Structure formats: structure tokens, C-alpha cells
Amino acid sequence: MTREEILSELKAVISPYTTNKEMLAGIDDQTDLIKDLKINSANLVDIIIDAEAKYDIEIDYDSADKMVNVGTCIDVISEKLKEKI
Amino acid sequence: MSKRVVVTGMGIVSPNGIGIPAFLHAIQNGISGIKFMPRYQELNFSCQVAGMPAFDWESLKNKNYISEVTFHGLKGTNIGYGVAAALDAWADSGMAYETDEPRWETGCVFGNSIADTEAMKNVIARVDNKEARKLGSRVVEQAMNSGVTSYVSGRLGLGNKVLTNSAACATGTQAILMGYEYVKHGYAKRMLVGSAEHVDTYVYGAFDSMRVLSRKYNDAPEKASRPMSITAGGFVPGSGSAALILEDLDYALERGARIYAEVLGGSSNSGGQRQGGTMTAANSTGVIRCIHEAMATSGVSADQIDLISGHLTATNADRQEIQNWTEALNRAGDDFPLTNSLKSMIGHSLSAAGSIETVASILQIVHGFVHPNINFEDPNPEITNLVSLDKLPVKMIKKEVNIVAKANFGFGDVNSCLILSKYK
């Protein structure tokens with residue numbers, strides 16, 4: 001799965017947790033989940049749980065800590081997807 | 001220096017009407033909100049009817065009560081009811097939802113008896129299935145007793161005292177009394193008060209097992225709640241919420257707020273589960289003291305009371321309640337005040353009963369009427385021996401109502417009584 005494919009799916013995963021839909025449409029690797037998308041820090045957990053369910057992966061505590069912007073989210077998801085294979 | 005406290009806004013989610021205009025229409029016309037519940041039949045409950053508001057869950061998001069993000073993951077029915085009633089009351093009071101600064105002058109007392117257990121079922125299943133890590137961030141805020149208060153105060157930026165009370169069926173009146181006391185003593189300029197209840201199947205089932213619910217009218221739901229009648233065979237559980245905005249009179253006048261009524265005073269006490277009082281029965285001495293104290297703090301004498309909005313749940317406690325009122329007011333027979341029970345129309349919504357019935361009381365003051373007692377075609381003679389039948393109206397009476405005594409009594413032998421007045 002390419003980074004572009006994950007990015008496009010990630011938008012759907014993040015969508016319920018941000019009211020800033022305009023910015024969500026144009027996110028890139030640098031977009032910060034809390035600062036730019038104004039996501040409540042408690043909701044990061046929900047995004048991780050939803051991503052786990054979507055890709056049937058398990059994101060451990062250390063990996064989850066890295067998921068602060070869109071780029072690192074994609075990094076972690078692709079890494080976990082590779083481990084699965 | 002004690003302040004006068006007035007009501008400047010009201011919101012309601014009731015089994016027989018959502019929003020003040022619908023609710024007013026329902027109580028003037030004796031419209032029942034009790035419905036047959038197919039699910040309760042499947043569960044083999046003896047009582048299979050309930051007062052359940054026809055609440056549009058999506059309206060929480062669509063009508064801007066809460067954001068889409070907050071809506072996503074909201075499961076607690078009581079929270080939905082409470083937020084809708086509280087925000088409606090706020091808007092009714094002529095104020096905007098949005099604020100950047102906390103509203104330091106405004107606090108909140110909102111009560112409930114239990115969080116939505118049905119919504120927690122998924123939590124229990126996940127934990128038992130060793131999947132606690134999948135629960136997510138939204139469970140704790142909805143499971144905590146202060147769930148409703150937290151959602152309401154967060155949405156409106158309330159920055160004064162924010163607390164959650166719980167006193168079983170006396171919760172709603174007690175919440176209003178507490179808010180009244182904070183404003184009266186100058187601790188807050190404004191208090192958003194009320195209560196919310198969702199009687200989920202688990203709580204309902206536990207009451208069913210106590211054999212205190214109406215069980216003979218499953219095929220005629222609208223007749224199931226029969227306070228003061230000879231066929232009163234138990235109460236009908238109800239759900240809903242009501243909220244009121246209480247304000248320091250001067251503060252309300254300064255901003256040109258519309259004033260519905262004045263809270264003159266009230267009392268909350270317990271019978272101590274002594275002298276006949278138990279976990280589930282009221283000590284009459286405690287009840288009478290509570291009513292006396294409410295009148296004393298309000299500066300109102302018994303002969304000034306135009307209307308009693310009773311607790312009157314449709315159990316065998318109704319007769320004792322009427323007797324307690326006759327002793328507390330020293331008024332009986334033809335001299336007894338007009339008395340009604342909203343529960344005849346909507347059932348007993350436990351913690352929410354007090355706030356819903358207070359809104360009904362204030363509407364009767366504002367619009368000059370006494371709502372009917374429905375399902376009262378067969379009065380209990382032990383009650384009509386104490387008070388004249390025409391004091392328990394079965395049709396709406398149009399008349400000026402100046403002072404209402406609103407009381408509720410709850411498990412744990414707790415009592416609350418408010419004295420409400422036309423604003424003059």
C-alpha cells in the first residue's frame with residue numbers, strides 16, 4: 001500500500017475527530033493533528049484504535065507516541081502493515 | 001445581603017412534549033406520554049409501559065447543541081436529554097451559546113441518579129473479553145456521575161460552581177434549591193439547574209422486581225399511571241430532563257431578561273429513616289418539617305398556597321402524602337389547595353421528576369391554569385375522605401396561580417420542597 005493510499009484513507013479515519021474539514025481535505029505529511037486540525041489530545045487514542053481496526057494491526061504505546069502529525073501516522077501504519085506480511 | 005432569585009429560562013425533554021410550547025400544550029390538554037414498550041415485553045417485565053421522550057438523537061448535532069466531534073461517540077442517553085434541555089433553557093433566557101472567556105458569574109447544579117447503564121454494556125463486554133485497550137477516550141466522561149454537568153458546563157463555558165447532585169427522586173427539586181441558595185447568598189449571579197434521567201432496561205428491571213410498577217395496563221398504556229386513584233397499582237417509569245436558568249433579580253433586570261417566576265425559597269431534609277421512615281418509605285415527620293421549613297424560608301403562610309404540585313407517584317404512598325400535606329398546611333377538605341400530579345401524564349422520571357414538574361409549575365403560574373390529573377375517574381376514598389374531590393381537578397382549570405408548593409420525596413427518606421411565586 002502506497003503512502004498516498006494510506007493518506008487518503010487516513011482522512012476518513014481522522015474525519016470524525018476534527019471540525020476543521022477544509023484543512024482536513026488538504027492535509028500533508030507536515031499537518032499536526034493537535035495544532036493544525038485542532039484535535040482534542042484525548043481523541044488521539046480513538047484515532048489509533050480506529051486505525052488498528054481498519055488495518056487489523058496493533059499499535060503499541062511507543063509507536064503511538066510517534067503519531068503526532070500525518071507523516072508519522074503514515075510511517076507507523078506502513079511499518080505495522082509490513083510487519084503483518 | 002440576600003438576593004431575590006428569578007427564573008429567566010426553561011428547557012424540557014418530556015415524554016409528552018419536547019420544548020416548552022409542546023410541553024405546555026400537552027399539560028393543558030392532559031396528553032399522556034406513556035407508551036407500550038415491546039422490548040419490555042420481550043424481557044418478561046411485569047410492567048411493559050414507560051414514558052419515553054420522542055427525542056431525535058441526531059438533533060444534538062443537527063441543531064448545534066454539540067459539535068459533530070462531540071456527537072461522535074456520545075452514547076449516554078441521559079447526557080443527550082440533559083444537554084438539550086440545558087441549552088434550550090439557556091437560549092430561552094436570551095443568551096448565546098458561544099463564549100471565548102469562561103462565564104465566571106454562572107454555575108451549574110445538574111442532578112441525575114445513575115449514568116446510562118445500557119450504554120455501558122459495551123464497556124463491560126469489552127473488558128470481560130480482555131479488550132479494555134479498545135474502549136477509547138469517551139467512556140469515562142459518560143460513565144462518571146458528573147457526565148451531564150460536564151457536557152453542559154463545557155458547552156456553555158460555565159465558570160462558577162459546577163456540581164452534580166443525587167438524591168433519588170428528590171434530585172431535581174434539590175438541584176433547583178441548591179442553585180437558588182448560591183444565587184440568594186451572592187456566590188453566583190446565575191445558575192443553570194436541572195436534572196436528567198434515562199431509565200434504562202437494567203434500572204427498570206430492578207424496579208420491576210420490587211413490584212412497585214404499574215402492571216395491569218400494558219394494553220392501555222395511557223391509563224397506566226393513576227395517581228390517587230383506587231386502581232393506582234404502582235408507578236410508570238419515565239425518562240427526560242428539564243433545566244432552568246436562575247438569576248439574581250437585579251442582574252436579570254439589568255440585561256433586560258424576561259422573568260417567568262420567582263423562587264421564594266425551599267428546604268431539603270431527610271427523615272433519617274426513623275419514625276416509620278425507611279430506605280423506601282418517608283418519615284411523615286420529616287416530610288412535614290420539610291414543607292414547614294420551605295414555607296418559613298419563603299415567608300409564605302399555608303393559606304397563601306394556591307397549588308400543590310405533588311410527588312404522587314401512583315403507589316400506596318399517595319394517601320400518606322396527601323395526609324402529610326393536610327397536616328403540614330393545616331388545611332383539609334374544602335380548604336385544601338388545588339393539587340395535581342404531572343406523573344399521571346408522564347410517569348415518574350425519578351431524578352428528572354422534580355425539574356420537569358417545576359417547569360410545569362412555573363408554566364401554570366405564567367399562563368394562569370391548573371393542569372388536570374388524568375386517569376382519576378376512580379378516586380381512592382381514603383384520599384377523598386381527607387380532601388374535597390374538586391381540589392383534585394380532572395379538567396384544566398383556568399385561574400390565577402400565585403404560589404405553588406412543589407415537593408418530591410425519594411428513596412433514602414430524602415425530601416425537597418420549593419416555593420415558587422408569580423414575579424411581582
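I number residues from 1 along each chain as its sequence is written, and I letter chains from A and number ligands from 1 in the order in which they are written. Since the model is predicted, local features need pLDDT of at least 70, side-chain atom pairs count only at pLDDT 80 or more, and totals for chains, interfaces and linings use all residues.

**Entry 1: chain A**

I looked up the secondary structure of chain A and found 5 helices and 0 strands. The order from the N terminus is α-α-α-α-α. Helices (H or I, at least four residues) and strands (E, at least two) are DSSP runs, numbered from the N terminus.

Next I checked the dimensions. Along the principal axes, the C-alpha atoms of chain A fill a box of roughly 35 × 25 × 20 Å. The radius of gyration of chain A is 12 Å, which agrees with the value near 12 Å for a compact globule of 85 residues. That radius is taken over C-alpha atoms, and the globule rule is 2.2 Å times the number of residues to the power 0.38.

I then looked at burial. In chain A, 27% of the 85 residues count as buried. A residue is buried if 20 or more other C-beta atoms lie within 10 Å of its own, exposed if 12 or fewer, and partly exposed in between; C-beta atoms are placed from the backbone.

Contacts came last. Of the contacts in chain A with a separation of 6 or more, 51% are between residues 24 or more positions apart. Two residues are in contact if their C-beta atoms, placed from the backbone, lie within 7 Å.

**Entry 2: where A meets B**

I looked up the contact between the chains. Chain B gives 7 residues and chain A gives 9 residues. On the chain B side I noted 1 nonpolar, 4 polar and 2 charged residues. Ala, Val, Leu, Ile, Met, Phe, Trp, Tyr, Cys and Pro count as nonpolar, Asp, Glu, Lys and Arg as charged, and the others, Gly among them, as polar.

**Entry 3: the two domains of chain B**

I took the domain assignment of chain B: domain 1 (5-261) and domain 2 (265-421). Such bounds come from an automatic or database domain assignment. The C-alpha centres of the two domains lie 22 Å apart.

Across the boundary, 62 residues of domain 1 are in contact with 58 residues of domain 2. On the domain 1 side, the elements that give two or more residues include strand S1 (5-14), helix H9 (171-184) and strand S8 (240-248). H9(B) gives the largest share, 8 residues. By class, I read 33 nonpolar, 26 polar and 3 charged residues on this side.

**Entry 4: strand S1 of chain B**

I followed S1(B) next. Two strands pair if DSSP finds at least two bridges between them.

- S1(B) pairs with S8(B) in the antiparallel sense over 8 bridges; Ile12(B) stands opposite Ala242(B).
- S1(B) pairs with strand S9 (residues 261-270) in the antiparallel sense over 3 bridges; Val6(B) stands opposite Glu262(B).
- S1(B) pairs with strand S2 (residues 17-18) in the antiparallel sense over 2 bridges; Ser14(B) has Gly17(B) as its bridge partner.

I noted that S1(B) and S2(B) form a hairpin with 2 residues between them.

Helix H6 (residues 117-128) of chain B has 12 residues. From first C-alpha to last, H6(B) reaches 16 Å, close to the 16 Å expected at 1.5 Å a residue. The expected span is 1.5 Å times one less than the number of residues.

Most residues other than glycine have a negative phi. I found that Lys130(B), which follows H6(B), has a positive phi near 60°. Lys130(B) sits in the loop between H6 and helix H7 (139-143). Lys130(B) counts as exposed because it has 8 C-beta neighbours inside 10 Å.

Gln273(B) also has a positive phi, about 50°. Gln273(B) lies in the loop between S9 and helix H12 (284-298). With 17 other C-beta atoms within 10 Å, Gln273(B) is partly exposed.

**Entry 5: His348 of chain B**

Is His348(B) buried or exposed? His348(B) counts as buried because it has 30 C-beta neighbours inside 10 Å. His348(B) is in the loop between helix H14 (343-346) and helix H15 (353-367). Leaving out residues up to four places away in sequence, His348(B) touches residues including Phe235(B), Pro237(B) and Thr313(B). I also checked Ser209(B), 139 residues away along the chain: its C-alpha is separated from that of His348(B) by 17 Å.
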